[in-house]
There are 2 protein chains.
Amino acid sequence: MALVVQKYGGTSVGTIDKIRNVAKRVARTHDDGNDVVVIVSAMSGETNKLVAMANEMCEFPSEREYDVLVSTGEQVTIALLSMCLQAMGYKAKSYLGHQIPILTDSASSKARIKEIGQDNIRQDLNGGSIVVVAGFQGIDAEGNITTMGRGGSDTSAVAVAAALKADVCEIYTDVDGVYTTDPRIVENAKKIEKITYDEMLEMASLGAKVLQIRSVEFAKKYGVLVHVRSSFNDNPGTLVLKEDTDMETVLVSGVTYSKDEAKISVLQIPDKPGVAASIFTPLSDANITVDVIIQNVSTKGLNDLTFTVPRADFKKALKIVEEHAEKVNAGGVTSDGKVAKVSIVGVGMRSHSGIASKMFNALASEGINIQMITTSEIKVSCVIDDKYAELAVRVLHDAFELGTQEED
Amino acid sequence: MALVVQKYGGTSVGTIDKIRNVAKRVARTHDDGNDVVVIVSAMSGETNKLVAMANEMCEFPSEREYDVLVSTGEQVTIALLSMCLQAMGYKAKSYLGHQIPILTDSASSKARIKEIGQDNIRQDLNGGSIVVVAGFQGIDAEGNITTMGRGGSDTSAVAVAAALKADVCEIYTDVDGVYTTDPRIVENAKKIEKITYDEMLEMASLGAKVLQIRSVEFAKKYGVLVHVRSSFNDNPGTLVLKEDTDMETVLVSGVTYSKDEAKISVLQIPDKPGVAASIFTPLSDANITVDVIIQNVSTKGLNDLTFTVPRADFKKALKIVEEHAEKVNAGGVTSDGKVAKVSIVGVGMRSHSGIASKMFNALASEGINIQMITTSEIKVSCVIDDKYAELAVRVLHDAFELGTQEED
């Protein structure tokens with residue numbers, strides 16, 4: 001008998017009928033002799049509806065009250081799913097964040113989990129109950145309701161799995177698993193059977209929207225076996241796990257991309273300590289995340305500094321940078337609001353040379369100019385002209401032979 | 001400086017704009033130098049929507065989970081109202097049942113309040129905050145969410161007012177106060193300025209739908225001054241309070257009626273102990289409330305027993321009574337599914353004679369036959385043919401001169 005934690009996202013519980021289907025799947029897992037803890041999101045569309053109400057009420061809703069409001073979405077789902085399981089003859093009990101409790105810090109709308117109580121859940125499991133937990137929400141030390149940001153239910157699920165030392169944390173979603181790249185761009189994109197936490201972190205942060213990145217960090221930290229799979233069929237999905245020896249043989253696991261990028265260059269900056277900080281501190285103060293940063297080798301005591309920011313923040317960032325560039329006597333600022341980032345990710349590349357140059361050659365073969373390059377141990381990213389993004393993904397996916405052979 | 005508890009019902013907070021209006025009224029009370037605690041219901045229609053979801057999910061939803069579901073309605077309102085007050089520049093904080101806490105027994109969907117914590121609310125009030133409380137909900141000793149039945153927010157408000165020893169509990173609704181009778185039936189029905197708890201209890205239970213009856217019991221028990229008034233204007237409403245001396249001068253305060261009645265008679269019952277119980281126990285076991293009961297004086301050792309039940313339970317009740325009437329060798333059962341009850345209520349009638357006969361004469365003057373009569377200290381009720389209900393109300397309202405003179 002295993003302890004299985006299952007998480008169902010908003011699209012999987014989007015209607016009464018879909019909740020019934022989830023109940024059947026949960027019941028089947030229970031019938032197979034497993035203890036089951038289910039974490040659910042709000043019915044799809046509900047959270048957006050609640051957010052719209054807050055925005056209609058006022059321009060800058062208080063974060064504490066925002067969390068009180070949006071956490072009702074998950075509360076509705078746990079009640080309905082528990083009712084359904086009970087109507088099917090199973091013992092079931094719903095839990096809100098404060099009832100478990102899921103203790104978080106007090107950072108409203110982006111709270112981090114500090115501790116999860118086990119006693120109440122264990123008691124119910126021992127009594128034969130299926131336990132249904134509201135994802136996304138917790139409670140802080142003062143008893144305020146907190147939420148964990150979009151996709152927070154993934155983190156709730158992995159954290160509950162970690163606390164209970166569950167055998168597996170199944171994340172049910174509307175896709176079959178993690179793919180080698182976006183199947184909308186590359187037809188023969190292949191489902192990945194196994195992927196390491198680190199690869200998943202790189203994939204997630206680069207735009208594969210299957211798992212909230214924080215949930216992967218949590219899974220890595222506590223060694224939780226995560227199984228990403230579809231709630232609409234019984235296909236095995238993708239296992240996210242610790243690296244094992246046979247994974248080294250795969251050089252590149254996936255190709256990811258993001259078109260949500262803009263590029264800003266500050267030219268001819270005096271090469272002295274503190275200059276970079278004087279550009280990036282005001283951006284950070286404005287809550288703008290800077291991603292790829294490149295600084296050219298200094299010539300004549302002057303540097304060129306180039307970096308990317310989310311496209312939504314582009315105008316705001318440019319204004320800030322222009323102000324501060326002047327203060328440090330930079331030669332000028334150039335920018336491009338339409339760039340994309342394509343990346344290859346794989347633990348195997350650590351022990352193999354030539355991966356990066358293979359990437360550059362593949363892009364060059366299609367005449368795609370590389371504007372910026374960054375690398376990590378298991379990732380190479382290139383910033384390119386936005387209009388080549390899809391082409392670049394296809395070229396790289398082919399070059400590293402990631403596609404299914406059968407469907408070629 | 002006073003401590004004012006205000007309660008706004010579903011129609012008063014039915015839209016974002018209406019919540020804004022409530023916020024303005026709350027703010028004005030605060031500006032006047034009062035400490036303010038606001039209790040709100042779910043936005044009108046929301047509770048019905050949630051109940052419909054539960055019923056769509058399964059035929060007999062678990063009561064515990066039903067409460068988890070429906071309590072989200074009030075949670076949405078407290079968040080929106082608090083946001084709005086904050087956006088207007090006021091300190092405000094929302095409270096759910098478990099955050100106060102409002103401790104109740106474990107009777108899901110009809111929980112009764114056992115204890116209300118004051119410390120958290122007091123601390124916020126002392127800090128200058130407006131406190132916004134979710135009505136209708138509480139938490140039991142095991143941490144389960146409970147709700148208090150339809151209209152439960154009235155009881156929440158009065159209970160919070162009692163716990164905090166508030167100077168007044170203002171119940172805002174969509175009518176101007178308590179009227180001498182239903183203004184849809186009698187054009188010149190008059191708003192009552194002051195009414196005693198006992199009169200209000202008789203009015204409420206007889207069909208005046210302004211206040212949940214349990215909230216009046218609570219107000220009476222703890223001596224809470226209740227002010228029922230409209231959230232759409234500034235008119236003074238009706239004060240519900242302890243009896244004071246000048247109230248004795250008013251003989252009859254109001255005329256109420258209920259058309260939701262049916263009558264059953266069991267004829268020629270042997271006059272021996274335990275027979276009445278053998279009829280009423282099975283009705284009580286079936287959760288059927290018996291209202292007016294009359295037993296005729298025994299002749300030849302045989303009694304006639306007549307009583308009323310809610311019309312919705314009529315068929316079920318009749319079936320049960322017919323079964324058990326046979327067992328006690330009654331002579332037969334007759335019934336009338338269409339009767340109404342009209343009542344006059346007033347503390348003044350205690351010390352005055354002739355009130356009942358004035359009522360009977362008034363009804364007789366219009367040829368309305370009285371089928372049953374019951375009296376209490378401050379109420380006389382007559383059961384009549386359903387079709388005369390409105391006419392009887394008008395006749396009695398006139399006979400006791402309850403209407404406004406100006407509008408005649």
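## Basis of the description

The model is predicted, and local features need pLDDT of at least 70, side-chain atom pairs count only at pLDDT 80 or more, while totals for chains, interfaces and linings use all residues. Residues are numbered from 1 along each chain as its sequence is written, and chains are lettered from A and ligands numbered from 1 in the order in which they are written.

## Where the chains meet

Between the chains, 26 residues of chain B are in contact with 26 residues of chain A, two residues being in contact if their C-beta atoms, placed from the backbone, lie within 7 Å. On chain B, the elements that give two or more residues to this side are helix H2 (46-57), helix H3 (63-70) and helix H4 (72-87); helices (H or I, at least four residues) and strands (E, at least two) are DSSP runs, numbered from the N terminus. H4(B) gives the most, with 11 residues. The residues of the side of chain B that touches chain A divide into 15 nonpolar, nine polar and two charged, where Ala, Val, Leu, Ile, Met, Phe, Trp, Tyr, Cys and Pro count as nonpolar, Asp, Glu, Lys and Arg as charged, and the others, Gly among them, as polar.

Helix H4 (residues 72-87) of chain A and H4(B) have axes that come within 10 Å and cross at roughly 180°; axes are lines fitted to C-alpha atoms, for helices over the stretch in contact, and angles run from 0 to 180 degrees between N-to-C directions. That makes H4(A) roughly antiparallel to H4(B), given that angles under 35 degrees count as roughly parallel, over 145 as roughly antiparallel, 65 to 115 as roughly perpendicular and the rest as oblique. In this contact A:Thr72, A:Gln75 and A:Val76 of H4(A) meet B:Thr72, B:Gln75 and B:Val76 of H4(B), and the residues involved are two nonpolar, four polar and no charged.

## The six-stranded sheet of chain A

Chain A holds an open sheet of six strands in the order E14-E15-E13-E16-E18-E17, with antiparallel pairing; two strands pair if DSSP finds at least two bridges between them. Strand E14 (293-295) and strand E17 (370-376) stand at the edges, each with a single partner strand, so one side of each is left without a neighbour in the sheet. From one strand to the next, the twist averages 25°.

Strand E13 (residues 254-270) and strand E16 (residues 332-345) of chain A run antiparallel and are joined by 11 bridges, with A:Val345 in E16(A) as the bridge partner of A:Gly254. E16(A) also pairs with E18(A) over seven bridges, in the antiparallel sense, and there A:Val345 has A:Lys379 as its bridge partner. E17(A) and E18(A) pair over six antiparallel bridges, A:Ile373 stands opposite A:Cys382 in E18(A), and a hairpin joins these two strands through two residues.

## Helices across the sheet

Helix H10 (residues 314-327) of chain A lies across E13, strand E15 (302-310) and E16, running at about 20° to E13(A). H11(A) lies across E16, E17 and strand E18 (379-385), running at about 20° to E18(A).

Helix H11 (residues 355-365) of chain A also packs with helix H12 (residues 389-399) of chain A at an angle of about 130°, with their axes 9 Å apart, and the two helices are therefore oblique to each other. The contact is made by A:Lys358, A:Met359, A:Ala362 and A:Leu363 of H11(A) and A:Ala392, A:Val395, A:Leu396 and A:Ala399 of H12(A); by class, it has seven nonpolar, no polar and one charged residues.

## Buried elements

In chain B, five of the five residues of strand E6 (residues 130-134) are buried, so the strand is largely enclosed by the rest of the structure; a residue is buried if 20 or more other C-beta atoms lie within 10 Å of its own, exposed if 12 or fewer, and partly exposed in between, with C-beta atoms placed from the backbone. B:Ile130, B:Val132 and B:Ala134 point one way from E6(B), while B:Val131 and B:Val133 point the other way. E6(B) pairs in the parallel sense with strand E2 (residues 35-40) of chain B over four bridges, and four bridges also join it, again in parallel, to strand E3 (residues 92-95) of chain B. B:Val132 is the bridge partner of B:Val38 and stands opposite B:Ser94.

In chain A, A:Val160 has its place in helix H6 (residues 152-164) and counts as buried, with 27 C-beta neighbours inside 10 Å. Leaving aside neighbours within four places in sequence, A:Val160 is in contact with A:Val5, A:Val37, A:Ile39, A:Ile116 and A:Val133.
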